[in-house]
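This briefing goes through one protein model topic by topic. Please keep the sequence and the coordinates at hand while reading.

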Amino acid sequence: MDVIVVGAGPAGLMLAHELALGGAEVVVVERLTERVEQTKGGAIQPRTAELLDARGLLDPIMERVHARPVIGGHFAGLPVELDCTPWNTRNPYPIGIPQWRIEEVLEEAATARGARVLRGHEVTAVAQDANGVTVSAGTEFRAKYLVACDGAHSTVRKLLDLPFPGRSGTFKAVLVDVRLSSVSDLVPKAAGHMSALTREVENHWGMLVPIGGDKYRFTFGKLDEPETPETDDAVRQALVALYGETTTLAEVLTRSRFGDSTRQLEQYRHGRVLFAGDAAHVHSPLGGQGLNLGVQDAINLGWKLAATVAGWAPEGLLDSYHAERHPKAARVLHHTSAQRVLATPKPSEDVRALREIFTDLLSLPDTNRTIAGMMSGLDDETRVQDFDLVTADGPTRPAELLRSGRGVLVDLTGSVRLPEEWVDRVDLVHGKASQDFDAILLRPDGAVCWRGEGPLEPALRATFG
Ligand SMILES: Cc1cc2nc3c(=O)[nH]c(=O)nc-3n(C[C@H](O)[C@H](O)[C@H](O)COP(=O)(O)OP(=O)(O)OC[C@H]3O[C@@H](n4cnc5c(N)ncnc54)[C@H](O)[C@@H]3O)c2cc1C
């Protein structure tokens, strides 16, 4: 076995897909016997959509989106839509879809590529030595590497006794999927911009989002209650307080609680054990970032770890995972902290003043573009926007060319040659497109590692060994 992935959440399943695509033998061990059909993370950000497209996974996700409102994202729930159109992307709006549906697509894709997902296996012990990692999870598993994708309360993190520095949460709120037997006029009829969905009445705050038929995702908390219980009674009380007597609960389908603690591992790699997703970083869910970060961690790590076990990874490639991804999550921790201040329920006069100033700033095109780039992930410096390319075999685009999971060298001049040494890891594609470069080298995860400036070979060697 090459890699054991712990946890079949979005990060673990995406990673399993990437490892299998890269030719690694991978098993995912998951403690739950079946997937919980809970909405939880409800939005795919535009940069993640681009990356999923580069794996052919965006189409099956879009097929599962029941109604797709074209609504921009938000910053701190302020009443200004973030506009990603200046970033030239094919999907400039967050895609609303329940998290379990995304997991369903990722699991199907990972297993189709040969990854095994073993449910009902809870990891209880981990030991690593010079050659590999042994895991107890009902039975014993051994592999060359282990990646912990086991979520915010990561067992692997605790078993390795790793510090998880940061700040504790200030509240524990409730997230339930419910069925409602009747609804008042206050209940939204369709998903909408966050600013139009949130409500505050006396000490209650919350948000009902329709997810199809009589089903809703209900997030709520109480200001005078740092730990809101997730009982049916608490759900009923919050529904009535926020949406009136005529909004009645039929059934609680799934229930969980969440907080706003802000923490990040100092190192994502500990010998042969690596961390991705919520196991590596947690923060307030404001702005819909966590699932996206985890999926992007997995896409960054997958090909590097597959290259390492296959033996062709250049020196330092695996460690570049921490170097590249740690700052991305640190940035999200930073801006979700700022959002937490602005979005606090029952704001003070000072916070209200801050909100007004931020709302005005977000209405300016330049500021909106900057914050939209940050929240969507489109301001990633390694990103090249997808473009139409005309080749001898017909029209295509980089996102399609990347689906092989190999590097892609796109040449717009017709004169670039790919040295023999790399033909098994990189595809050379000649074509015509109107771009501000003559040639571009993309890593398997779509990141640009050469823009046609300077010699090609050092770039190939640094990335592809
Ligand atoms: C209210 C709310 C709204 C959110 N909205 C968004 C959003 O719109 N967009 C967004 O990007 N993010 C959102 N998030 C965040 C998102 O849900 C998480 O960041 C995401 O689930 C993290 O994925 P993960 O794969 O890292 O971990 P998880 O989804 O937590 O998966 C971890 C898996 O590991 C398994 N596991 C745990 N311990 C063990 C063990 N010992 N052995 C074996 N298996 C184990 C668990 O059962 C689980 O299946 C939201 C979160 C909340 C609470």
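Val176 has Phe218, a residue of strand 14, as its bridge partner, and this pair belongs to a sheet in a model that is predicted. Strand 11, covering residues 172–182, and strand 14, covering residues 215–222, run antiparallel and are joined by six bridges.

**Domains and their contact**

- The protein is divided into three parts, namely domain 1 (3–165 + 263–376), domain 2 (172–259) and domain 3 (389–464).
- Taken over C-alpha atoms, the centres of domain 1 and domain 3 are separated by 27 Å, and 13 residues of domain 1 are in contact with ten residues of domain 3.
- On the side of domain 1 that touches domain 3, the elements giving two or more residues are helix 2 (46–53) and helix 8 (290–310).
- The residues on that side of domain 1 divide by class into seven nonpolar, three polar and three charged.

**Surroundings of the ligand**

- There are 34 residues around the ligand, and those that come nearest are Gly7, Gly9, Gly151, Gly277 and Gly290.
- Helix 1 (10–21), strand 2 (26–30) and helix 8 each contribute at least two residues to the shell around the ligand, and the largest share, four residues, is that of helix 8.
- Sorted by class, the shell around the ligand contains 13 nonpolar, 15 polar and six charged residues.
- Both domain 1 (3–165 + 263–376) and domain 2 (172–259) take part in the shell around the ligand, with at least three residues drawn from each.

**The position of Ser376**

- Ser376 lies in helix 11, which spans residues 365–376.
- With 27 other C-beta atoms within 10 Å, where 20 or more are required, Ser376 counts as buried.
- Although Ser376 and Gln45 are 331 residues apart in sequence, their C-alpha atoms are 5.1 Å apart in space.
- When residues up to four places away in sequence are not counted, Ser376 touches Gln45, Pro46, Arg47, Gly73, Cys84 and Trp87.

How values were computed:
Residues are numbered from 1 along each chain as its sequence is written. This is a predicted model: local features need pLDDT of at least 70, side-chain atom pairs count only at pLDDT 80 or more; totals for chains, interfaces and linings use all residues. Domain bounds come from an automatic or database domain assignment. Two residues are in contact if their C-beta atoms, placed from the backbone, lie within 7 Å. Ala, Val, Leu, Ile, Met, Phe, Trp, Tyr, Cys and Pro count as nonpolar, Asp, Glu, Lys and Arg as charged, and the others, Gly among them, as polar. A residue is buried if 20 or more other C-beta atoms lie within 10 Å of its own, exposed if 12 or fewer, and partly exposed in between; C-beta atoms are placed from the backbone. Two strands pair if DSSP finds at least two bridges between them. A residue is near a molecule or strand if its C-beta atom, placed from the backbone, lies within 6 Å of it.
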